[in-house]
Amino acid sequence: MMRAALALARRSLGRTWPNPAVGCVIVRDGHVIARGRTRDRGRPHAEADAIAEAARAGLSLKGATAYVTLEPCSHHGRTPPCADALVAAGVARVVSALEDPDPRVMGQGHARLKAAGIAVEVGEGAADAAEINAGFLLRVREGRPLFHLKMAGSLDGRIATASGESKWITGEAARGDGHRLRAIHDAILVGAATASADDPELTCRLPGLAARSPVRIVLDSQARLSPRSKLATSARVTPVWLVCTRSAPADRRETLNALGVEIVEVEEGRDDRIDVLAAARALGGRGLTRILVEGGGQVAASFLKAGLVDGISSYRAGLVLGGDSRSAVGGLEFARLGSAPRFRLVSARLLQGDTLETWRRED
């Protein structure tokens with residue numbers, strides 16, 4: 001039953017920020033009588049969604065067991081406390097995977113359930129639940145989102161020829177899977193050079209998933225994004241955030257803002273570039289929990305050097321481009337292997353003629 005609740009939680013990834021993606025399955029006498037998951041923009045919560053489903057079917061939850069992937073909330077926010085809703089529904093037992101580290105909850109939801117005489121068990125499915133909500137947990141504990149780096153290139157880690165040609169190194173199946181990644185993240189992030197050279201849309205273009213296109217973020221220290229770019233001209237349809245430094249010319253910021261681009265000002269780092277740690281804090285402060293970093297090479301290097309890359313999806317095609325082509329990652333400026341960021345392989349699979357490897361940062 002917890003596995004079913006975890007599957008429901010995964011369906012909400014990329015759609016619930018600033019809230020976590022939670023699943024709930026309610027069972028009585030060995031039969032599932034209600035299911036729920038956190039809905040778009042974080043409401044209703046999974047427990048409330050399941051309770052509402054049971055009510056629509058005219059089913060009582062008295063004596064039932066609720067399997068929930070995160071501790072039911074105990075505070076009033078945009079929705080009433082889920083712990084109170086479970087008490088009112090008459091459930092007899094709650095099995096939750098994780099305690100919520102949010103200071104507004106942090107064990108209080110479980111305590112409220114116990115005080116009402118409900119049996120509470122914590123820990124079943126904890127590892128999977130923590131993986132699903134790694135971004136939410138990072139934002140609560142460290143004030144930043146999870147950053148997942150996407151790379152698509154050749155066997156020797158190159159993303160374009162020396163002349164800049166890159167369409168298409170990987171095949172249709174790999175490109176489609178990249179759009180799947182977009183759909184399960186809150187935002188996509190690229191650098192100013194990529195936005196200028198490629199003029200990308202950065203939307204999810206899988207059939208039926210266009211509505212799941214996430215926030216599009218450009219790291220652009222001097223706000224050079226063209227007002228005629230695809231990103232700027234579509235900002236009122238799918239949100240665009242431009243992260244720039246405080247020294248970015250006011251007229252450029254005002255022009256882009258008038259088109260619907262949201263301006264996020266952060267501190268400068270070295271060489272008048274954006275301080276990516278400051279950018280991470282600013283984006284976490286705005287509620288984002290999961291960000292897909294799509295490039296280019298300098299942006300990838302900046303996040304790797306800052307220790308902000310939590311995972312990597314590497315799509316590799318069966319061709320070799322050589323040392324005069326463009327690298328997926330810019331210079332990292334370390335002299336010893338011990339300084340290199342390390343990742344462990346989580347999975348590998350074939351996508352027609354290409355390979356997708358998923359890696360997770362070693363703690």
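Two strands are said to pair if DSSP finds at least two bridges between them; strands (E, at least two residues) and helices (H or I, at least four) are DSSP runs, numbered from the N terminus. The model is predicted, so local features need pLDDT of at least 70, side-chain atom pairs count only at pLDDT 80 or more, and totals for chains, interfaces and linings use all residues. Residues are numbered from 1 along each chain as its sequence is written, and side-chain values use heavy atoms, leaving out hydrogens and water.

Strands β9 (residues 215-219) and β10 (residues 240-245) pair in the parallel sense over 4 bridges, and Arg216 stands opposite Val240 in β10. Both strands belong to an open sheet of 9 strands with mixed pairing, in the order β11-β10-β9-β8-β12-β6-β13-β16-β15. β11 (262-266) and β15 are at the edges, each with a single partner strand, so one side of each has no neighbour in the sheet.

Now to the open space. A pocket is an open set of points on a 1 Å grid over the protein atoms alone, where a 1.4 Å probe fits, with protein on both sides within 12 Å along at least five of seven lines; lining residues have an atom within 4 Å of a point. The second largest pocket has a volume of about 930 Å³, the space filled by probe spheres set on points joined across faces, edges and corners. Its lining has 34 residues, and Glu131, Leu146, His148, Arg290 and Arg360 are the closest to its centre. β16 gives the most to this lining, with 5 residues.
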